[in-house]
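Hi there,

Here is the structure I promised to pass on to you. Have a look at it first, and then read my notes below.

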Amino acid sequence: MEKIASFTINHLDLLRGIYVSRIDYVSDNPITTYDIRMKQPNVEPVMNTAEIHTIEHLGATFLRNHPVKRDEVIYFGPMGCRTGFYLLLKGNASSREILPLVEEMFAFIAQFHGEVPGATARDCGNYFDINLPMARFEARKYLSEILTVIKEENLVYPTT
């Protein structure tokens with residue numbers, strides 16, 4: 001069986017950052033999948049499910065309510081390896097072009113106070129698994145250590 005594209009990336013050399021993972025087409029319309037890598041694979045401890053779940057709720061809410069980009073958002077959700085998230089958007093913008101949106105989203109999460117949207121028994125299948133303080137911590141860490149000082153090596157997949 002042929003490996004899927006995301007398993008061909010050398011995770012030993014992959015840094016934290018934002019990467020174009022793939023571009024698919026639906027009726028000639030591009031849909032770009034972005035790899036929002038918050039943890040260096042196989043080096044840093046992964047995130048726990050509670051903070052991932054919280055980032056997912058806050059990130060999806062932010063993106064789907066964004067005044068400019070809301071109609072481009074297809075999906076925002078966690079990676080199974082718990083090192084980051086996938087963001088799917090209409091179009092084929094580069095990682096650098098979506099950097100302002102991702103920075104804005106993580107700033108929103110880092111500063112969020114109050115009830116996490118959708119974190120009720122009625123709205124979520126596992127509403128007890130929420131950790132806002134850790135989600136805020138992880139968002140601040142990614143924002144300050146990667147997004148606000150991003151380099152080219154954090155925007156383009158390694159080629160080795």
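Is Arg122 buried or exposed? Arg122 counts as exposed, at 77% relative accessibility. For these words, buried means under 20% relative accessible area, exposed means over 50%, and partly exposed lies in between (1.4 Å probe, protein chains only).

Two notes before you go on. This is a predicted model, where local features need pLDDT of at least 70, side-chain atom pairs count only at pLDDT 80 or more, and totals for chains, interfaces and linings use all residues. Residues are numbered from 1 along each chain as its sequence is written, and side-chain values use heavy atoms, with hydrogens and water left out.

Now to the charged side chains. Side chains of opposite charge can pair when their charged atoms come close. A salt bridge here is a side-chain nitrogen of Lys or Arg within 4 Å of a carboxyl oxygen of Asp or Glu. Searching the whole structure gives 9 salt bridges.

One of them joins Arg122 to Asp123, at 2.6 Å from N to O. Asp123 is partly exposed, its relative accessible area being 43%.

Another pairs Lys69 with Glu72, with 3.5 Å from N to O. Lys69 is partly exposed at 28% relative accessible area, and Glu72 is also partly exposed, at 26%.

Then look at Arg37 and Asp35: their closest N and O atoms are 2.7 Å apart in a salt bridge, and both residues are buried.

Finally, find Arg16, Glu44, Lys141 and Glu145, which a network of salt bridges links together.

Enjoy exploring!

Best wishes
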